[in-house]
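Open the model in your viewer and keep the selection tool at hand. This tour moves from stop to stop along the chain. Each stop says what to select and what is there.

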Amino acid sequence: MKNMEVPMIFMVSCTLLLLCSSSAYAQTAKSPPISPTPSPAPAPAPEYVNLTDLLTVAGPFHTFLSYLESTKVIDTFQKQANNTEEGITIFVPKDGAFSSLKKPSLSNLTQDQLKSLILFHGLPRFYSLAEFKNLSESGPVPTFAGGQYTLNFSDVSGTVSIGSGWTNTKVSSSVHSTDPVAVYQVDKVLLPEAIFGTDIPPTPAPAPSPDISPAADAPSEGKNGEGSSPTSAPGKSNSYRMINWGIWSHLVLALSGVLVFFL
């Protein structure tokens with residue numbers, strides 16, 4: 001009897017062990033796996049803007065681009081455009097702005113002065129057109145040229161004007177305005193006082209309009225609608241007088257002949 005109890009106890013123990021193991025396995029299988037929290041996706045990198053290609057294709061900016069390349073300012077602007085968070089704003093004069101610039105002449109500038117002049121056309125930060133209204137209230141804005149090379153802005157009904165002392169111009173169009181690069185077309189070359197001094201020539205007065213002489217008075221009309229002039233009236237009266245004198249002279253001669261015949 002004792003020999004039979006041992007196998008029975010062993011069988012019961014194995015059964016209980018199997019039941020516990022299957023129950024634990026079922027709970028483990030039902031519990032969902034814990035996945036790690038995904039990290040946020042990195043912000044997309046700003047689109048690379050090649051300033052040389054942009055200015056070559058965008059418009060008649062060949063003169064300004066040649067100055068950018070000859071002074072190596074294009075490298076400074078390109079690094080600011082694509083390697084910084086602040087971005088860049090560039091004011092680009094048209095080719096016609098350089099050709100119409102007679103005085104002062106850029107040909108008399110040294111290489112350092114010419115480089116400062118070109119740097120003067122860039123701001124070390126991206127500005128949309130809407131942000132220029134705030135710039136008009138903040139006073140002079142520093143440029144890449146640094147120091148006294150500052151610009152003044154005003155915004156009147158959405159028209160952005162720029163003042164550099166020697167130059168007063170306006171933003172005529174937006175060439176490219178996507179953060180971090182803004183390129184705006186201006187009608188004139190920005191001339192800094194730091195180079196050309198404060199003895200700014202006065203703006204020439206507009207040419208006076210030519211005097212227009214009044215039209216001659218039309219001749220007055222007579223009763224029959226014919227024009228008469230002061231010089232024509234005496235001629236008429238003189239002809240009438242001659243006719244009257246001729247008639248009277250003939251009458252006198254006729255009467256004289258009759259008297260002689262009767263006498």
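Select Pro180. This proline sits in the loop between S6 and strand S7 (181–186). Helices (H or I, at least four residues) and strands (E, at least two) are DSSP runs, numbered from the N terminus. The peptide bond from Asp179 to Pro180 is cis, with omega near 20 degrees.

A word on the source: this is a predicted model, where local features need pLDDT of at least 70, side-chain atom pairs count only at pLDDT 80 or more, and totals for chains, interfaces and linings use all residues. Residues are numbered from 1 along each chain as its sequence is written, and side-chain values use heavy atoms, with hydrogens and water left out.

Next, go to Lys103 and Pro104. The bond joining Lys103 to Pro104 is also a cis peptide, with omega near 0 degrees. Pro104 belongs to the loop between helix H5 (95–99) and helix H6 (111–119). Most residues other than glycine have a negative phi, and most peptide bonds are trans.

Phi is the next topic. Pick Lys72, in the loop between helix H3 (62–70) and helix H4 (73–83). Lys72 is not a glycine, yet its phi is positive, about 65 degrees. Is Lys72 buried or exposed? Lys72 is exposed, at a relative accessible area of 54%. The cut-offs: buried is under 20% relative accessible area, exposed is over 50%, and partly exposed is in between (1.4 Å probe, protein chains only).

Jump to Ser157. Look in the loop between strand S4 (150–156) and S5. Ser157, again not a glycine, has a positive phi of about 55 degrees. Ser157 is exposed, with a relative accessible area of 77%.

Now show the aromatic side chains. Rings of Phe, Tyr and Trp (its six-membered ring) pair if their centres lie within 6.5 Å; planes under 30 degrees apart are stacked, over 60 edge-to-face, and the rest tilted. The count by this rule is 10 aromatic pairs. Zoom in on Trp166 and Phe196. Their ring centres are 5.7 Å apart and their planes stand at 55 degrees, so this pair is tilted. Trp166 is in the loop between strand S5 (159–163) and strand S6 (168–178), while Phe196 is in helix H8 (residues 193–196). The pair links distant parts of the chain, 30 residues apart. Trp166 is buried, with a relative accessible area of 18%. Phe196 is buried too, at 16%.

Last stop: which residues do ring pairs link into a cluster? Select Phe91, Tyr127, Phe132, Phe153 and Tyr184.
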